[in-house]
Amino acid sequence: MYPIGFYDVSYILVIIGVVLCLLAQSKVKTTYARYSRVRTMSGITGQEAAERILRQEGIYDVAVVRVSGTLTDHYDPRNKTLALSDAVFDQTSVAAVSVAAHECGHAVQDSTGYAPLRIRGALVPVANFGAQISWPMIILGIVLGWNRILIEIGIIMFTAVVLFHFITLPVEFNASSRALKILDSSGMLQGEENTFAKKVLSAAAMTYVASAASMALQLLRLLLLSRRRD
């Protein structure tokens, strides 16, 4: 059984992670809301921006479709689908065009064989399995009298999840970088609109940073508790 003081202190790591995620989510929501009210001078919609960027980059096998929800936009390399949410698909705001361009950045990564995207794709089944099995294994190990083997297997599985979150960082930052360059060079956004787009995508990127940091802190707590038990 753990000393109460150590047990309480270890929870600080989890709390820090939760706070980071909440702050990042709040930032992206307020930033998106702000620039979703700023109409682009070109009057282009998220769908039109996505289709124009894909053609400009020589990508003709990716379908742009609508998906329900807010900030549910994503690119699926498995079926070559670029899904834009209701708040992006037919909206003419700077925020909508920025998000659409970011997802196009992933499509460009896929078409050019961007290595981190390939690695992340390969890690998806491992990370999904790790997310499902890690905590049950750890809890089972504790229930069975602190079974060292089960707990270590659980920690290894959780480490795979953490690695997935960290490999996601360069993928997301690179997609945003590509998007900003394309928007600026193509003239879809003009002048100060490009600065607004950078703020939108920077805020969105921080959610991935916060998520990765939170997962790393959870892993650190598991390692500390495991070593403390020894």
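This is a predicted model: local features need pLDDT of at least 70, side-chain atom pairs count only at pLDDT 80 or more; totals for chains, interfaces and linings use all residues.
How are α4 and α6 oriented to each other?

1. **Helices α4 and α6.** Two packed helices are described by the angle between their axes and the distance between the axes. Here the axes of α4 and α6 come within 7 Å. They cross at roughly 110°. Angles of 65 to 115 degrees count as roughly perpendicular, and α4 and α6 are therefore roughly perpendicular to each other. The crossing of α4 and α6 is right-handed.

2. **Residues at that crossing.** From α4 come V97, S98, A101, H102, G105, H106, V108, Q109 and T112. They meet V171, E172, N174, A175, S176, R178, A179 and L183 of α6.

3. **The sheet.** Three strands make an open sheet, ordered β1-β3-β2. Its pairing is mixed. The edges are β1 (63–67) and β2 (74–76), each of which pairs on one side only. From one strand to the next the twist averages 25°. β2 and β3 (residues 81–85) run antiparallel, joined by three bridges. In this part of the sheet, D76 stands opposite T81 of β3.

4. **Helices across the sheet.** Helix α2 (residues 46–56) lies across β1 and β3. Its direction is at about 160° to β3. Helix α4 (residues 94–112) lies across β2 and β3. The angle between α4 and β2 is about 20°.

5. **The largest nonpolar core.** This core has 34 residues. L54, L82, L84 and L183 have the most contacts inside it. At least two residues each come from α1 (4–35), α2, β3, α3 (86–89), α4, α6 (148–186) and α7 (192–229). α4 gives the most, with ten residues.

6. Beyond its neighbours within four places in sequence, L54 is in contact with I59, V62, V64, L82, C104 and A107. Another core, of ten residues, lies apart from the largest one. Its members include W146, I155, V162 and L219.

7. **R120.** Is this arginine buried or exposed? R120 sits in helix α5 (residues 115–143). Buried means under 20% relative accessible area. R120 has 16% relative accessibility, so it counts as buried. Not counting residues up to four places away in sequence, R120 touches F164, I167, T168, V171 and E172. V171 and E172 are also among the α6 residues that meet α4.

8. **F196.** This residue is in helix α7. Its relative accessible area is 16%, so F196 is buried. F196 and V38 are 158 residues apart along the chain, yet their C-alpha atoms are separated by 9.1 Å. With neighbours within four places in sequence left aside, F196 is in contact with Y35, V38 and V94.

9. **Two backbone points to check by eye.** Most residues other than glycine have a negative phi. L71 has a positive phi, near 55°. It lies in the loop between β1 and β2. L71 counts as partly exposed because its relative accessibility is 39%. K80 also has a positive phi, of about 55°, although it is not a glycine. The loop between β2 and β3 holds K80. With 27% relative accessibility, K80 counts as partly exposed.

Terms used:
Residues are numbered from 1 along each chain as its sequence is written. Side-chain values use heavy atoms; hydrogens and water are left out. Two strands pair if DSSP finds at least two bridges between them. Helices (H or I, at least four residues) and strands (E, at least two) are DSSP runs, numbered from the N terminus. Axes are lines fitted to C-alpha atoms, for helices over the stretch in contact, and angles run from 0 to 180 degrees between N-to-C directions. Contact means heavy atoms within 4.5 Å. A nonpolar core is a set of buried Ala, Val, Leu, Ile, Met, Phe, Trp, Tyr and Cys residues joined through side-chain atoms within 4.5 Å. Buried means under 20% relative accessible area, exposed over 50%, partly exposed in between (1.4 Å probe, protein chains only). Angles under 35 degrees count as roughly parallel, over 145 as roughly antiparallel, 65 to 115 as roughly perpendicular and the rest as oblique. A crossing is left-handed if the near helix is turned anticlockwise from the far one by less than a right angle, and right-handed if clockwise.
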